[in-house]
Amino acid sequence: MTPEKLAQAFKPLYSYQLPAWWQTKQGALILIVGGILAIGMLCFLAWYRWWYRPPLTLTQWRDRELESLAEMLTHDHVNYKRFFGATTFFLKQYLLRLYGWQVLDKTDDELLAIVATKEEVPESLVPRIHELLSYAQMVKFADQVALAEKADEALRTVRTIVGRLQVSKKH
């Protein structure tokens, strides 16, 4: 026997040569799913990088609201009724977000009664809160000069109140 005849005798009758893995159905499916996942991840990362805005923390929200109140006083014509209403509403929102008290629909007298009974609010702040709430009533009777002075004072007062309330939080 010659080597050629011997090689011919042991030559397989069928070819078992398989295609490359990416040419099979499973390989193509893996590539398609992987591509979709990669595109989805890239889209998510782009959205997160350029368009996602995380929710504001309480401190960030408070600072933005105080800046907005201060900016209301920089206009040429200040609507003091709107300013004092916004200041009172901000205080109510802050109490709601800080302590969870449902005070948004309460009148100023009801709010003062609630604040006076709560242990989270230092007793030294109760007169300041009462003073802040009384400014909104003054809008009806005072002149522009007195309102301008009281508006600046109200802004300082609300900054003091929310600063002290944040420190005295017992949660």
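1. The model is predicted: local features need pLDDT of at least 70, side-chain atom pairs count only at pLDDT 80 or more, and totals for chains, interfaces and linings use all residues. Residues are numbered from 1 along each chain as its sequence is written, and side-chain values use heavy atoms, leaving out hydrogens and water.

2. Twelve aromatic pairs are found in the whole structure; rings of Phe, Tyr and Trp (its six-membered ring) pair if their centres lie within 6.5 Å, with planes under 30 degrees apart counted as stacked, over 60 as edge-to-face and the rest as tilted. The ring centres of Trp61 and Phe90 lie 5.5 Å apart with planes at 40 degrees, so this pair is tilted. Trp61 belongs to helix H3 and Phe90 to helix H4, 29 residues apart.

3. Is Trp61 buried or exposed? Trp61 counts as buried, at 8% relative accessibility, where buried means under 20% relative accessible area, exposed over 50% and partly exposed in between (1.4 Å probe, protein chains only). Phe90 is buried as well, at 1%.

4. Phe83 and Phe84 form an edge-to-face pair, 5.3 Å centre to centre with 70 degrees between the planes. Phe83 is buried at 0%, and Phe84 is buried at 2%.

Methods. Helices (H or I, at least four residues) and strands (E, at least two) are DSSP runs, numbered from the N terminus.
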